[in-house]
Amino acid sequence: MDYCRISVILAYAMSIYTLSSIYYFARTRSIETPFKNSLTKEQLEIKKESAKIRKNIFYQGVGLSFVLLMFWKPFSKCN
């Protein structure tokens with residue numbers, strides 16, 4: 001298997017995704033959010049708590065991925 005070729009493709013895909021996310025964030029910051037604006041204070045609190053839980057799960061996934069990649073080293077043959 002050609003590990004270096006795959007890692008370059010993955011690097012480009014990751015770069016495209018990252019840059020697209022930054023572009024999306026920049027372009028949508030000023031757009032109103034009709035759904036969020038329609039929520040009551042109680043619903044906004046529920047949404048806030050849900051976002052907090054989901055953020056923690058995401059960060060756990062980032063940490064787990066980092067640890068797994070440090071042990072697995074799938075791109076080590078590219079050096």
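Which residues make the nonpolar surface patch of about 720 Å²?

1. The patch is made by Phe-66, Val-67, Leu-69, Met-70, Phe-71 and Trp-72. Patch residues have over 30% relative accessible area and no salt bridge, with nonpolar side chains (Val, Leu, Ile, Met, Phe, Trp, Tyr) joined within 5 Å and like charges within 9 Å. A salt bridge is a side-chain nitrogen of Lys or Arg within 4 Å of a carboxyl oxygen of Asp or Glu.

2. This is a predicted model, in which local features need pLDDT of at least 70 and side-chain atom pairs pLDDT 80 or more, while totals for chains, interfaces and linings use all residues. Residues are numbered from 1 along each chain as its sequence is written, and side-chain values use heavy atoms, without hydrogens and water.

3. The protein has 3 helices and 0 strands, in the order α-α-α from the N terminus. Helices (H or I, at least four residues) and strands (E, at least two) are DSSP runs, numbered from the N terminus.

4. Of the 79 residues, 4% count as buried. Buried means under 20% relative accessible area, exposed over 50%, and partly exposed in between (1.4 Å probe, protein chains only). The protein exposes about 7,800 Å², of which carbon and sulfur atoms supply 66%; areas come from the Shrake-Rupley method with a 1.4 Å probe.

5. Phe-71, one of the patch residues, lies in helix α3 (residues 41–72). Phe-71 counts as exposed because its relative accessibility is 72%.

6. Leu-39 sits in the loop between α2 (34–37) and α3. Its relative accessible area is 16%, so Leu-39 is buried. Beyond its neighbours within four places in sequence, Leu-39 is in contact with Leu-44 and Lys-47 (contact: heavy atoms within 4.5 Å).
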